[in-house]
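Okay, thanks everyone for coming.

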Amino acid sequence: MANSNHNHSGPSWVDGHLQTGADWQGLSPNSRAWLHCANRILSVTECEEISEVMEGFVRAWTAHGQSLKASWKLEGRRCLVIALDESKAGATGCSIDALSRRLQEHGKQNGLDWMQRNTVLYNVRTGFDWQEVNLHEFW
């Protein structure tokens, strides 16, 4: 596990952890992506749960009745990437809202915040340590 800076207790990232959705490799490299970083590292059980949640969500995800070709990946037991191949059907405001609502529901059920926007998680190029700081300290 990576170290964090003095502003946060415990590790910020689990090196080498990667989970991908069933269709991740089949997505276009030009896919639209959303990144959601949890406010803490997920437990192994929570990783299994978010895997099931996201797999179910992307399989059922639609925009104006059209199925969307999407998948997900979880890195470092913390950062969730949802990617959408918009070559056949694109996201709409309602479909993006559905994604946000699902992540908020999951977070509420598990004591997680997937919508946190005041923290920056970054990697120092000189090593593998991930750092976590408040946004105002990053700039």
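I'll go from the overall fold to the core, then to one loop, the salt bridges and a surface patch.

Quick housekeeping: this is a predicted model, where local features need pLDDT of at least 70, side-chain atom pairs count only at pLDDT 80 or more, and totals for chains, interfaces and linings use all residues. Residues are numbered from 1 along each chain as its sequence is written, and side-chain values use heavy atoms, with hydrogens and water left out.

So, the fold. We have 3 helices and 8 strands, taken as DSSP runs numbered from the N terminus, with helices being H or I of at least four residues and strands E of at least two. From the N terminus, the order reads β-β-α-β-β-β-β-α-β-β-α. If you take contacts, meaning heavy atoms within 4.5 Å, between residues at least 6 apart in sequence, 67% of them join residues at least 24 apart. And of the 139 residues, 45% count as buried; here buried is under 20% relative accessible area, exposed is over 50%, and partly exposed is in between, with a 1.4 Å probe and protein chains only.

Now the inside. The largest nonpolar core has 25 residues, and the ones touching the most other members are I50, M54, W61, L80, L103 and W114. Helix 1 gives the most to this core, 6 residues. By core I mean buried Ala, Val, Leu, Ile, Met, Phe, Trp, Tyr and Cys residues joined through side-chain atoms within 4.5 Å. Take L80: leaving out residues up to four places away in sequence, its contacts include W34, I50, M54, W72, L103 and W114.

Next, a loop I like. Where does N39 sit? In the loop between strand 2 (32-37) and helix 1 (44-60). N39 is partly exposed, at 29% relative accessible area. The C-alpha atoms of N39 and W114 are 6.7 Å apart, although 75 residues separate the two along the chain. Beyond its neighbours within four places in sequence, N39 contacts R78, G111, L112, D113, Q116 and E132. With D113, a polar side-chain atom of N39 lies 2.8 Å from the backbone nitrogen.

R40 is partly exposed at 29%, while E46 is buried at 12%.

Then there's E55 with R59, closest N and O atoms at 3.2 Å. They're 4 residues apart in helix 1, so about one helical turn separates them. E55 counts as buried at 17%, whereas R59 is exposed at 54%. In helix 2, R102 pairs with E105 at 3.3 Å between the closest N and O atoms; being 3 residues apart, they are also separated by about one helical turn.

Last stop: the surface. W139 is in the segment after helix 3 (135-138), and it's exposed, at 78% relative accessibility. Together, L135, F138 and W139 make a nonpolar patch of about 370 Å². Patch residues have over 30% relative accessible area and no salt bridge, with like charges joined within 9 Å and nonpolar side chains (Val, Leu, Ile, Met, Phe, Trp, Tyr) within 5 Å; the areas are Shrake-Rupley with a 1.4 Å probe, and for residues only the protein chains shown count as cover.

Notes: Polar contact = N/O pair within 3.5 Å; in protein donor to acceptor, adjacent residues only side chain to side chain. Salt bridge = Lys/Arg side-chain N within 4 Å of Asp/Glu carboxyl O.
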